[in-house]
There are 2 protein chains.
Amino acid sequence: MQTLGIDLGGTYVRAAVVEADGTILGSSKQALTERTPEAVVAAIALAKRAAEAEAPGARVERCGVGAAGQLEGDSGVILVAPNLGWRNVPFGALLAEKLGQSVRVVNDLSAAAWGEHEAGAAQGAPDVLTVFVGTGVGSAIIANGALVQGARGVAGELGHVKVVPNGRLCGCGEKGCLEAYTGGHHLIELMKEALAAGKAPLLAKAVGEGTPNPAQLEAAAEAGDVDARAIYDQALRFLALCLGNQVTMLNPGRLILGGGVLAHAPHLRQRLEGALLAVASVASRTGLEVRTAALGDDSGLIGAALLA
Amino acid sequence: MQTLGIDLGGTYVRAAVVEADGTILGSSKQALTERTPEAVVAAIALAKRAAEAEAPGARVERCGVGAAGQLEGDSGVILVAPNLGWRNVPFGALLAEKLGQSVRVVNDLSAAAWGEHEAGAAQGAPDVLTVFVGTGVGSAIIANGALVQGARGVAGELGHVKVVPNGRLCGCGEKGCLEAYTGGHHLIELMKEALAAGKAPLLAKAVGEGTPNPAQLEAAAEAGDVDARAIYDQALRFLALCLGNQVTMLNPGRLILGGGVLAHAPHLRQRLEGALLAVASVASRTGLEVRTAALGDDSGLIGAALLA
């Protein structure tokens, strides 16, 4: 038997027919032109049909969704999905009715971490911390072989751990969050602020009239641009502190690092590994394996399907 | 059927015959005059007999031990027990042979947290963070109704999360740990350092020729002693930061606070509750119940017995 995995983002939805071992038999992607719950459910139904057409003979009886948003436990209710403009949408029930199948809705990072656990870089490890440093910063915890979702389903909010009391305003509305110094969106803002102030000359040269990106930040920092280096080192220091401290608390056997910022700034990824190990307690880091996420964008699709 | 719970400290061992609901039917305490594994095992056998004598009719077939030390998973091997001067002692096997019973050895804080979960302040909550601020600082995590012990069994080392890069030397040999600013042992050292420097006049008056304690620190800080206040506020700030950030990460439904420092500085306990909620993300703290540990010294005995 196969299951259907859905990756629900803010601009598109992906569907895949997935084998029990994580193999994708067929997949499809639909742009979201409208973002009402009804329109999204309809787009998923279309994506499902297209994915199933690529996997003749598959018998799909359950559906798992990884959604970028805050969920109410395992109820299928999406409390807040900023990218979709949703609040309190009983999405799981709406989708189950449309598809005529049982549906489980989980957080997108939980789905991605589960995908890595079942078919990627975290296979075989019962205790895993998975951290994604992309536009935002998030994580998912697996302990005793099971996802740790917390009392309200919001465990793993590593991006909103505080690193500077009353510091920089984060997208979440609170101040001093890790994400406000290390997430891709905020790194771009920090670079723009430096450029607007006439600072970071090497970065300015690389960026020209375009929008700065993390790869340019890393290159400028390494070329000796002091202002770029300050932004880069701050991000490295805060990420190392928070990740190292979580290793101390959770004592995972494996730490999986993923997300666009680390992919595009490979030396930051390498430095982070050394720096976080220097922060973590000796007892907790002994035997820890640090690995890069292996499944890319497919991790959420695969994980959602296997959690169904 | 009843089980035997053992609380193994550095100076004494306690034993109790415990019902499945956590009721203690009989208990006993033996001083540890010698600290070799053989002597400790013999002391436990004595304590067991004395506890069983108080509980006629009990049928004890399993034994759980909460030990102050670092364990190798569920193997029963104690890797390091500083108070006993042990390294790599196959304690579970030695005790099982002596008692002729199956023995499970867990960390003392895990045992205490499990006791609170089964019969104390955390009853009925599947996702719990329990924090003890005593001579040392430690914690235990329960997620999905099960203890989170980590890959090597050392999860929950909250006292060794770093709060000041290259900061104050901690008893663990590393620098800048939470415990080095907030544990009872270090609070006393910080007070002694202030007194030796001729600072903290109100604290000096209260302490006289004795050893300062956390209750005196709180009283002096509240009476307006600026130097006592600095130590007190620093402890409050670091505890709030680390506990609040762990609430953000773990999203527990209940946070249990225990340990001697918080018991003897009740206003610190109250202030900590408000301050940590201000640090935690809104999503993670919504619905969080903060409670004081209810079982006192018995939590470890009860938890060890029920984990057997």
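I began with one pairing: Leu71(A) has Ile78(A) in S6(A) as its bridge partner. The model is predicted, so I noted that local features need pLDDT of at least 70, side-chain atom pairs count only at pLDDT 80 or more, and totals for chains, interfaces and linings use all residues. Residues are numbered from 1 along each chain as its sequence is written, chains are lettered from A and ligands numbered from 1 in the order written, and side-chain values use heavy atoms, without hydrogens and water.

**Sheet in chain A**

I then looked up S5(A) and S6(A) (residues 78-81), which pair in the antiparallel sense over two bridges; pairing requires at least two bridges found by DSSP. I recorded an open sheet of three strands of chain A in the order S5-S6-S7, with antiparallel pairing. Its edge strands, S5 (70-71) and S7 (86-89) of chain A, each pair on one side only.

**Chain A overall**

I found twelve helices and 13 strands in chain A (DSSP runs numbered from the N terminus: helices H or I, at least four residues; strands E, at least two). The C-alpha trace of chain A spans about 60 × 45 × 35 Å along its principal axes.

**Helices in chain B**

I next examined H5(B) (residues 184-196) and H8(B) (residues 226-250), whose axes come within 10 Å and cross at roughly 155° (lines fitted to C-alpha atoms over the stretch in contact; angles run from 0 to 180 degrees between N-to-C directions). H5(B) and H8(B) are therefore roughly antiparallel, a term for angles over 145 degrees. I listed Leu187(B), Leu190(B), Met191(B) and Ala194(B) of H5(B) as meeting Ile231(B), Gln234(B) and Ala235(B) of H8(B) (heavy atoms within 4.5 Å).

Notes. Angles under 35 degrees count as roughly parallel, over 145 as roughly antiparallel, 65 to 115 as roughly perpendicular and the rest as oblique.
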